[in-house]
Amino acid sequence: MNKTVFNTYEIEKSDYAKIYANHFIEELQYLRKTKIDVNYDTDHGFTASEKISQVTGLYLLYKEDELIYIGKSDRCMRTRIGRFIAGVRGTERFDENHSAAYKYNACYGRNVDDLYFKYIELNIDDLQHDLTLDDIEQQLIRSLSPRFNSEVYSKSKPLYVISYE
């Protein structure tokens with residue numbers, strides 16, 4: 001929020017992103033986690049009880065009860081989560097990558113037991129004030145500090161400590 005020369009306040013795009021993010025943080029406590037079950041016979045490599053094929057918005061991945069990643073999808077959430085699973089399993093295509101999956105592997109290996117997700121359905125055409133999914137995702141990452149999101153946005157501890165002795 002900026003103070004203008006007229007001694008009034010001007011709400012900026014980042015302020016709107018904080019408002020959306022704070023609303024979603026409150027809403028998250030009421031959303032149930034959906035278990036991710038690996039299924040090698042599906043295109044996306046997993047099944048879930050939630051129907052998320054054409055859903056756009058934000059998704060949050062959990063290992064047991066720990067929030068480990070926040071992501072977004074402006075087309076198909078099932079595809080984005082599927083890319084994460086493929087990255088963890090080592091079955092991604094040469095032109096795909098999911099950096100959080102590689103960080104996950106460093107901590108948990110290829111074990112996808114106890115992996116869950118929550119999602120917030122959000123149509124990008126409904127966003128106001130020129131907000132994007134990126135704006136809201138970045139604000140959620142700053143607020144919730146998931147382990148595998150970029151340290152640029154996250155306050156969490158780094159995954160690796162390199163010492164030069």
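Guide: We will go through rings, charges over rings, backbone angles and one histidine. This is a predicted model, where local features need pLDDT of at least 70, side-chain atom pairs count only at pLDDT 80 or more, and totals for chains, interfaces and linings use all residues. Residues are numbered from 1 along each chain as its sequence is written, and side-chain values use heavy atoms, with hydrogens and water left out.

Visitor: How many aromatic pairs are there?

Guide: Rings of Phe, Tyr and Trp (its six-membered ring) pair if their centres lie within 6.5 Å; planes under 30 degrees apart count as stacked, over 60 as edge-to-face and the rest as tilted. Here the count comes to 8 aromatic pairs. One of them joins Tyr-69 and Phe-84, stacked with 6.5 Å from centre to centre and 20° between the planes.

Visitor: Where do Tyr-69 and Phe-84 lie?

Guide: Helices (H or I, at least four residues) and strands (E, at least two) are DSSP runs, numbered from the N terminus. Tyr-69 belongs to strand S7 (residues 66-73) and Phe-84 to helix H2 (residues 77-89), so their pair ties together parts 15 residues apart in sequence. Ring pairs also link Tyr-59, Tyr-69, Phe-84, Tyr-104, Tyr-108 and Phe-148 into a cluster.

Visitor: Are Tyr-69 and Phe-84 buried or exposed?

Guide: Buried means under 20% relative accessible area, exposed over 50%, and partly exposed in between (1.4 Å probe, protein chains only). Both Tyr-69 and Phe-84 are buried.

Visitor: Which ring has the charged end of Lys-33 over it?

Guide: A charge sits over a ring if NZ of Lys or CZ of Arg is within 6 Å of the ring centre and within 35 degrees of the ring normal. For Lys-33, one such ring is that of Tyr-62, with its centre 5.6 Å away. Lys-33 also lies over the face of Tyr-116, 4.9 Å from the ring centre.

Visitor: What is the phi of Glu-64?

Guide: Most residues other than glycine have a negative phi. Glu-64 has a positive phi, near 55°, and is found in the loop between strand S6 (57-63) and S7. With a relative accessible area of 46%, Glu-64 is partly exposed. Asp-114 also has a positive phi, about 60°.

Visitor: And what is His-98 in contact with?

Guide: Contact means heavy atoms within 4.5 Å. Leaving aside neighbours within four places in sequence, His-98 touches Tyr-59, Tyr-69, Arg-80, Arg-83 and Phe-84. His-98 sits in the loop between H2 and H3 and is buried, at 3% relative accessibility.
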